[in-house]
Amino acid sequence: MFSHLSTSYSRPSSPLFFFSSFTAIRPLIFSLLSLPSPPPPPPPTPLTATFRRKLLCSRPCRMRSTKFVCEVSKGFSTSVSMGSSEKDGNLSVDSVTVDFKNQNLGKERVNLKQLEDLNWDHSFVRELPGDPRTDSIPRQVLHACYTKVSPSVEVDNPQLVAWSELVAKLLDLDPKEFERSDFPAIFSGATPFAGGQVLPYAQCYGGHQFGMWAGQLGDGRAITLGELLNSRGERWELQLKGAGKTPYSRFADGLAVLRSSIREFLCSEAMHGLGIPTTRALCLVTTGKYVTRDMFYDGNPKEEPGAIVCRVAQSFLRFGSFQIHASRGKEDLEIIRALADYTIRHHFPHIESMSNSESVSYSTSEEGSSVVDLPSNKYAAWAVEVAERTASLVASWQGVGFTHGVLNTDNMSVLGLTIDYGPFGFLDAFDPSYTPNTTDLPGRRYCFANQPDIGLWNIAQFTSPLLAAELISDEEANCAMERYGTKFMDEYKSIMTRKLGLPKYDKQLISKLLNNMSVDKVDYTNFFRLLSNIKADVSIPEEELLVPLKAVLLDIGKERREAWISWLQTYIQELAASGIPDERRKVTMDSVNPKFILRNYLCQSAIDAAEQGDYGEVQKLLKVMVRPYDEHLGMEKYARLPPAWASRPGVCMLSCSS
């Protein structure tokens, strides 16, 4: 499918081993769906005959230690099991997902602050090399991680559209600050923060786009204001997306429109509500100006309302932040080391303090002759953790039916966050080949079923600059990618097991279910939510078995009805054998199967109203989506199947255009 795409960039020669982890992951997804597996994306470099032989006899990394504690921040930590095997299908998700979902900052007593009193810090600018120039003229920025540049967007009576009080509390910001008359002007970038507190910059990075090395990309319309340190010792970056030109804007205007800004604001908070690691959004403001966009790249541009989202994350570092320096030759390899040191120091501090006494090591061959000892190389330990976080993230996407749409390496966070919400989409009718991105047609590189593969492909690109800078060895790069495969399978099987309320993983049962859903185009979210209403009673008559699912099993004929009855009979037998009471199982299943997801047609309805000056629908959607597992009585319309108009271009599928 992708063999015609170039994947290479110039760097010091060091073989990047892109091995057979694909063969470990692909059968899991495609055998479950009973679908033919499409060919994998191409390897970054051709495999040598010697290494190809090595792959055939290799085994997944075997841990000598069973635990490796990973802290995503001082706010929460996760215990990542690294010694699990493929047989452990009933593992609990040890993941970042659960910790994100369980955060409840409202219970903590903190001193909320006004904007002028926030605790700003600027470690990125202070500790890493910057561009000596500060203009926004499009150009190649060499030997630098960022360029100091201020917002330049023009505004005319900016208005506050929506805001997140949860994110405000993350920052120790008093939610009453949203009521300030100057708040929209400040968060449009038109009015500077008082006292010169911020030190704005645009980050330099590169990336592979649709499998092809694209060279320098960078923050072309996003400007980071700086970093805040909150009362819990957490570091949070604030970034204005759509704030004007930077040296990385290329031929673009550096602006954003209300349409894409609403989608990004809502999905950032909706994903957090689902318990999935993500960047966040503090607020959304209109600029009062219009921006020209050609939504479908068809030569029919139109003017749209301009807007700016204030994005929030502990870091916006991407895989491409490291790739860009590897592409520029030996003189920039020290920047890779400096950037890796910075990232570990501020965002993976537990790795820097890891001692050899913890004995976290891997065997990377069948004979055990090649051992990777992580404490002896912090960069290797870090690469493994990035790979595992990425695997957990992709597994959580698959669990809720989320398709990112643009999984380029510049859209991959080194913290394992969902980042850059462009043409995303949640599954409505279950379709493994679904892509929400018109730019991705006809190849569907980034379709729903391909996301696990692409995650591994991107990890291979991430390890490449670390190899070039001689921070990790070939064996350590192999280990990171092998861990991605094992971690993804463990997480995905655990998620699907919990979605069905089963005591252990049942591949055949889940395979048959997903195949049925694919054949009958069953709504993914509503099906799993209704499934918790099934009773573990083997005496239920056949004619009554499908009653709890009648709202999602629409227009099925006799043959398909029999297929579903057969599956339900097997499923009910499994439930009955587990001995778990129906009421308890329903509570558990409803806690992992959301009732509400941010369907594209819901976004479009909110966008249509907002473009007419009515922001109420955006705010209603936000209230529902931040608590998607709750019933929200009276809000059932937000869980309905998409109407017929939702299938039109611009709603179900979008381009990369903003």
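Q: Which residues do ring pairs link into a cluster?
A: Phe430, Phe448, Tyr524, Phe527, Phe528, Trp564, Trp567 and Tyr571. Rings of Phe, Tyr and Trp (its six-membered ring) pair if their centres lie within 6.5 Å; planes under 30 degrees apart count as stacked, over 60 as edge-to-face and the rest as tilted.

Q: Before we go on, what are we looking at?
A: A predicted model: local features need pLDDT of at least 70, side-chain atom pairs count only at pLDDT 80 or more, and totals for chains, interfaces and linings use all residues. Residues are numbered from 1 along each chain as its sequence is written, and side-chain values use heavy atoms, with hydrogens and water left out.

Q: OK. How many aromatic pairs by that rule?
A: The count is 29. Take tryptophan 120 and phenylalanine 193: ring centres 5.3 Å apart, planes at 75°, so the pair is edge-to-face.

Q: Where do those two sit?
A: Tryptophan 120 is in strand 4 (residues 120–121). Phenylalanine 193 is in the loop between helix 6 (183–186) and strand 7 (201–203), 73 residues apart from tryptophan 120. Helices (H or I, at least four residues) and strands (E, at least two) are DSSP runs, numbered from the N terminus.

Q: Buried or exposed, tryptophan 120 and phenylalanine 193?
A: Both are buried. Buried means under 20% relative accessible area, exposed over 50%, partly exposed in between (1.4 Å probe, protein chains only).

Q: And phenylalanine 210 with tyrosine 446, what kind of pair?
A: Tilted, with 5.2 Å centre to centre and 35° between the planes. Phenylalanine 210 lies in the loop between strand 8 (206–209) and strand 9 (212–216), and tyrosine 446 in the loop between strand 17 (425–426) and helix 12 (451–468), so the pair ties together parts 236 residues apart in sequence.

Q: Why does phenylalanine 210 count as buried?
A: Because its relative accessibility is 19%. Tyrosine 446 is buried too, at 1%.

Q: New topic. What about helix 11 and helix 13, how do their axes cross?
A: At roughly 30°, and the axes come within 8 Å. Axes are lines fitted to C-alpha atoms, for helices over the stretch in contact, and angles run from 0 to 180 degrees between N-to-C directions.

Q: Last one: where is serine 433?
A: In the loop between strand 17 and helix 12. Serine 433 and alanine 449 are 16 residues apart in sequence and 6.1 Å apart in space, C-alpha to C-alpha.
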